[in-house]
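Dear colleague,

I am passing on the structure below, together with some notes on its voids, its sheet and its aromatic contacts. Please read the notes with the coordinates open beside them.

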Amino acid sequence: MLVLYNARIFSMWEHTPRAEAVAIDHERIAAVGTNEEILALAAPRDIVRDMDGGTIWPGLTDAHIHLQNYALSLERIDCETGSRADCLARVKDVAKNAPAGRWLRGHGWNQNSWAEGFGSASLLDEAAPRNPVYLTAKSLHAAWVNSAALQLAGITRSTPDPQNGAIQRNPDGSPTGILLESAMELVEKVIPAPTLSDLRAALETAQMTLLSLGITGVHDFDPRTCFLALQEMDQAGVLALRVVKGIPREDLPHALGVGLRSGFGSDFLRIGPLKLFADGALGPQTAAMLQPYEGGGGSGLLFLDAEQIIEIGQQAGENGINLAIHAIGDRANFEVLKAYDQMRSYEKANRKPHLRHRIEHVQIIHPDHLDRLASLGVIASMQPIHATSDYPMADRYWGGRSRTAYALGSLLNSGARLIFGSDAPVESPNPFWGLHAAVTRRRQDGSPSPEGWYPQQRLTLMQALAGYTTGPAYAAGLEDRLGRIAPGFLADLVVFAEDPFEMDPQQLHTVQPIATMVAGKFVWES
């Protein structure tokens, strides 16, 4: 048995919310209590470790991450720059040493943050004249490519816009080099895919980064290749993160064919919900809105309406598969809630299980619909850092409607269950950046004000912590073993030298763990 004592333990367990010591037997918590109580349980051969007054929380879960994309992004050009010129300079620097013909990949650009606005294919041609270039936007809902990439993909002025996507065009109809939504796939399909071996290596590197941030579990929404690599890691005994693996929509027939259900698997790798997309994103103005964007930018793109969601959802639901639906605009959220309402009625009328459906992002919701998630038992899967990252865009494109954007406080007060993630690589996976954003509604530089952006949406630190612990455990059907430091629960812990609850909230983004434990073993220590 391992005993950790002389600590400040925030257990998230109602019976003993604060404790000084914890006893761990193999991979599970054996007891939680005072130093005296727990030390009395230790036998002579047990390991007893003085934590020097450090703080211990349950391990944190990122409830929305793109694990494969995040792992590969660590090897790509960082395009999150203050200007378009800086991004082009980085591409040019990499291109100088790249073999001719090799694809150059990058991620993170946001035209809304650049005075110059969108880039063009010709600008990338100058920066990388010998290579095809593919740069994904910060939102992952747009791409910037050069002429070589357009040529390899066969995209010309006569190429029609695909369904649920658009090829941005010059006045003469020729492509500019900006691809929106499903148009990105026209290029993605001609880019050589990483080998499974390469992907596994990237995931193993990313795993250590996540563990160093105190993240012990993730809910992943990347493709089947990621699942294949994770299975290899699990079978080799090197998977240290607990992964709930979402099912891409295109793979639903295969999942149904072999009888997979949400919750099938082990404590390290299990099947999660079916991922659907109801609309696009705020950055490229493709999120579906009830009223047009400020400045006459249209009303976005609706990919699925309520009837389509019901058709897919009932097929999945009959086979015990939960839904996780991406919805950012208020129209998309309305359509998803309308579908969930009818699906709940169907469940009740036919005595079906109450599935743990989710909405991913819930970035803006009409005030009349705020209480619908709670009444329907739908989980709000949100990313607090999106609020502080996106607020200038939200103010610009949504105006006064932003009072119910990223509405953490309003949704929690309505009774909705919140779970938090990062959407990495859209944002950093650092959960303390997310906690800071949820508690302060401010950027790390203190903007926009001491009160924060729409301060009525702020949470307490304990409320925000639940979004990374007990909330994700419930969403995954693991509330009996994860998210708390309690007897019988899996021993997933994160340790700090300081107590985040005693810190100035504006400094929460600076918190750094000193150790992370998974299944009773310290898998990372500073």
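A cavity here is a set of points, on a 1 Å grid over the protein atoms alone, where a 1.4 Å probe fits but cannot get out, whereas a pocket is an open set with protein on both sides within 12 Å along at least five of seven lines; lining residues have an atom within 4 Å of a point. Grid points are joined across faces, edges and corners, and a volume is the space filled by probe spheres set on the points. This is a predicted model, in which local features need pLDDT of at least 70 and side-chain atom pairs count only at pLDDT 80 or more, while totals for chains, interfaces and linings use all residues. Residues are numbered from 1 along each chain as its sequence is written, and side-chain values use heavy atoms, with hydrogens and water left out.

The structure holds seven cavities of 30 Å³ or more. The largest cavity has about 250 Å³ of space, and its lining consists of 25 residues, with Lys138, Ser139, Ala281, Gly283 and Val426 nearest its centre. Helix α13 gives the most to this lining, with four residues (helices, H or I of at least four residues, and strands, E of at least two, are DSSP runs numbered from the N terminus). The second largest cavity contains about 180 Å³; of its 20 lining residues, Thr61, Thr216, Gly217, Leu482 and Gly483 are the closest to its centre. Strand β15 gives the most to the lining of the second largest cavity, with four residues.

Among the open sites, the second largest pocket holds about 840 Å³ of space and is lined by 37 residues, of which Glu80, Lys138, Ser389, Val426 and Glu427 lie nearest its centre. The elements that give two or more residues to the lining of this pocket are α2 (67-73), β9 (77-78), β10 (104-109), α13 (384-398) and α15, and α13 gives the most, with seven residues.

Turning to the sheet, six strands form an open sheet in the order β3-β2-β7-β22-β23-β24, with mixed pairing, where two strands pair if DSSP finds at least two bridges between them. Its edge strands, β3 (18-19) and β24 (521-525), each pair on one side only. Within the sheet, β7 (residues 55-58) and β22 pair in the antiparallel sense over four bridges, and isoleucine 56 stands opposite valine 495 in β22.

For the aromatic contacts, rings of Phe, Tyr and Trp (its six-membered ring) pair if their centres lie within 6.5 Å, with planes under 30 degrees apart counted as stacked, over 60 as edge-to-face and the rest as tilted. By this rule there are 15 aromatic pairs. In one of them, phenylalanine 432 and phenylalanine 496 have ring centres 5.5 Å apart and planes at 90 degrees, so the pair is edge-to-face. Because phenylalanine 432 lies in helix α15 (residues 431-440) and phenylalanine 496 in strand β22 (residues 493-496), the pair ties together parts that are 64 residues apart in sequence. Both of these phenylalanines are buried (under 20% relative accessible area, with exposed over 50% and partly exposed in between; 1.4 Å probe, protein chains only). One aromatic cluster is formed by Phe10, Trp57, Phe432, Phe496 and Phe501.

Best regards
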